[in-house]
Amino acid sequence: MSLSRVNAIAPFQKKGAIAPPRKKLKVPRLFIFLCLSPWLFGIIFFTAYPMVSSFYQSFTKFNLIESPEWVGLDNFHRMFFEDDDFWKALKNTVWISAISIPLRICFAIFTAWVLTKPKRGSSIYRTIFFLPSMVPAVAGTMAFTYIFNPAYGPINKMLEAIGIKDPPFWFMDPKWSKWGLILLGLWGIGDTMIIFLAGLLDVPTSLYEAAELEGASGWQSFRYITLPLMTPVIFFSTVTGVIGSFQYFTQAYVASGQVNDYSHAMYFYATHIYFSAFRAYEMGYASALAWVLLVITLLCTLVILKTQKRWVHYPNGSLFK
Amino acid sequence: MSTYSPEKMREIDAQSRKARRSKRWNNFLHMVGNHSLLIALSAIFILPLYLVVVISLMSKGQAETRSLWPHPFVWHNYVDIFTAVPFLKWTLNTLFVSVMGTIGTVVSSVPPAYVLSRLQWKGRQTTFLVILSTMMLPGQVTMIPVYIIFSRLHWIPSFLPLIVPSFFASAFSIFLLRQFFTSIPDEISDAARIDGCSEFKLMMRIIVPLAKPAISAIALFSFLGSWNDFFGPLLYIVENENLWTLGIGLNAFQGIHHVDTNMMMTASALFMAPVIIIFFFSQKVFIEGVTLTGVKG
């Protein structure tokens, strides 16, 4: 049996037909409870309780040693009106999301589309395209900061060789360091690309054949067949992209450690939470930051959900409609 | 038919042959175009990996000259790295955390996925929606109280905070397994039940063996998730150097002064190697796993 028979967006789609009524079996309650118990324990102690607790802590001043002291909305007031780092981190995060999410989607569609072209040999290319997304984030980031180093990294030498006069200083230059991170992200496009590839291969070839008979150009059949059928995948990766980019941490942390990011160009929202909680030990303030993060991601997701009616085409209806 | 003279017939024949040939020529051009584009893209994807390996084989002096080929090859880097830093210890630590985490995830995720997909009961849909929404929940929201729990238990620094939570099932693994279990026909279970098979036996003896591809997918994802994890170790083991994993150790390189920059690439190459080897042997499982859930690990 193959895994690929079901797909990622299946849970968001209604089944076309209703399953025929099945004979009622006695429900083995104890068995169900025992099976769910590890998950139940996990969700109570590692999700539910922590959520309640961090919600409470976001209204307190708490440094781990003394017990939390209620301060009302002070943390939020401080965040919005006194904390420059918060705004810096938020601005950086919004900037990189606004650029890298669309760029990643376009690049993923492009690489996946290129992979569907050749009649044979595409699996070797697929392996190569997918490989970088497996590389540990720390190792990948170290490699990038090194090879993009303007003094001893070979990348700028190559850029000079192809005629680019003054290649950027990449991670060493606050104006360019985010582009370095974006390139690092595009290098690891593999997992997103695979989802698009599966989607592209699902498009019935009869549609393309019909379009060709009608005299549609390559671009037209991409624009009016491929793209509309890809919208559920685009929608899915936009949502996961937004959620992911507000938690973007490891690459930025490692890269800024490698190059001493004094100007905080690679200081993102998740970095700010980490530094507030585990360097400054301001647990209350960090919890408030985390809750604002949750609200921001929820709002973004809701906005994308609201717009999906206008541009997402589901072949058989959607759960979110 | 007879309206065409033999000359005319030959002419038509030649034309169609020409058309066929030009079509073949067109196809050939297309193929060349496609493959050149694919090869160019492959080169871009491979370039950073190539550079890491090449620099890892250079001497310190050469590594800072922007050269693209080691001269001479310093194979010794791959020996020296084990004495310059406790590289073996970092590797074993990472391996230990990853293996334990994988065992925990597999053992604890199969049963919930089973009851969510193979049995009808009240609250099943709600439970599944809760699992889906915890997948979307940003880790930062729960991070601090979880850290406090572990610190009250005096588990920091130790491997326990990295291993124990995986024994309480991961939402992602439940989701992947559930998707797969759902695709197994119900008739199989019905037949076994009629024969008097208990639910537990049915799960272990029939469904689990059928779901081997999905189970290997979650095992691989969780192994790689732990192997590549940086944030967890950063919170829980950074204080004790004996517990450092590869990620933490590698990130600390710049602070260790007797380690040269070329060695950094040697260590990176060694850190990447197992992942790349595993990937080559289990590509299919990976790619199908990503396709099934839409996310990686």
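**Reading a two-chain predicted model**

Biologist: Let's start with the layout. Which domains is chain B divided into?

Modeller: Chain B has domain 1, covering 6-56, and domain 2, covering 81-293. Keep in mind that this is a predicted model.

Biologist: And how many Å separate the centres of those two domains?

Modeller: Taken over C-alpha atoms, the centres of domain 1 and domain 2 of chain B are 43 Å apart. The two still touch: four residues from domain 1 of chain B and five residues from domain 2 of chain B make the contact. On the domain 1 side, three of the residues are nonpolar, one is polar and none is charged.

Biologist: Now chain A, please. How many helices and strands does its secondary structure come to?

Modeller: Chain A comes to 13 helices and two strands. Along the principal axes, its C-alpha atoms fill a box of roughly 75 × 70 × 35 Å.

Biologist: What percentage of the residues in chain A are buried?

Modeller: Of the 321 residues in chain A, 38% are buried. To count as buried, a residue needs 20 or more other C-beta atoms within 10 Å of its own. Among contacts in chain A between residues at least 6 apart in sequence, 72% join residues at least 24 apart.

Biologist: Last topic: helix packing. At what angle do helix H5 and helix H8 of chain B pack?

Modeller: Two packed helices are described by the angle between their axes and the distance between the axes. Helix H5 (residues 124-136) of chain B packs against helix H8 (residues 171-182) of chain B at about 130°, with axes 9 Å apart. That angle is why H5(B) is called oblique to H8(B).

Biologist: Is their crossing left-handed or right-handed, and which residues make the contact?

Modeller: The crossing of H5(B) and H8(B) is left-handed. H5(B) contributes Ile131(B), Leu132(B), Thr134(B) and Met135(B), while H8(B) contributes Ala171(B), Phe172(B), Ile174(B) and Phe175(B). Seven of the residues in this contact are nonpolar, one is polar and none is charged.

Note on methods:
Residues are numbered from 1 along each chain as its sequence is written. Chains are lettered from A and ligands numbered from 1 in the order in which they are written. This is a predicted model: local features need pLDDT of at least 70, side-chain atom pairs count only at pLDDT 80 or more; totals for chains, interfaces and linings use all residues. Domain bounds come from an automatic or database domain assignment. Two residues are in contact if their C-beta atoms, placed from the backbone, lie within 7 Å. Ala, Val, Leu, Ile, Met, Phe, Trp, Tyr, Cys and Pro count as nonpolar, Asp, Glu, Lys and Arg as charged, and the others, Gly among them, as polar. Helices (H or I, at least four residues) and strands (E, at least two) are DSSP runs, numbered from the N terminus. A residue is buried if 20 or more other C-beta atoms lie within 10 Å of its own, exposed if 12 or fewer, and partly exposed in between; C-beta atoms are placed from the backbone. Axes are lines fitted to C-alpha atoms, for helices over the stretch in contact, and angles run from 0 to 180 degrees between N-to-C directions. Angles under 35 degrees count as roughly parallel, over 145 as roughly antiparallel, 65 to 115 as roughly perpendicular and the rest as oblique. A crossing is left-handed if the near helix is turned anticlockwise from the far one by less than a right angle, and right-handed if clockwise.
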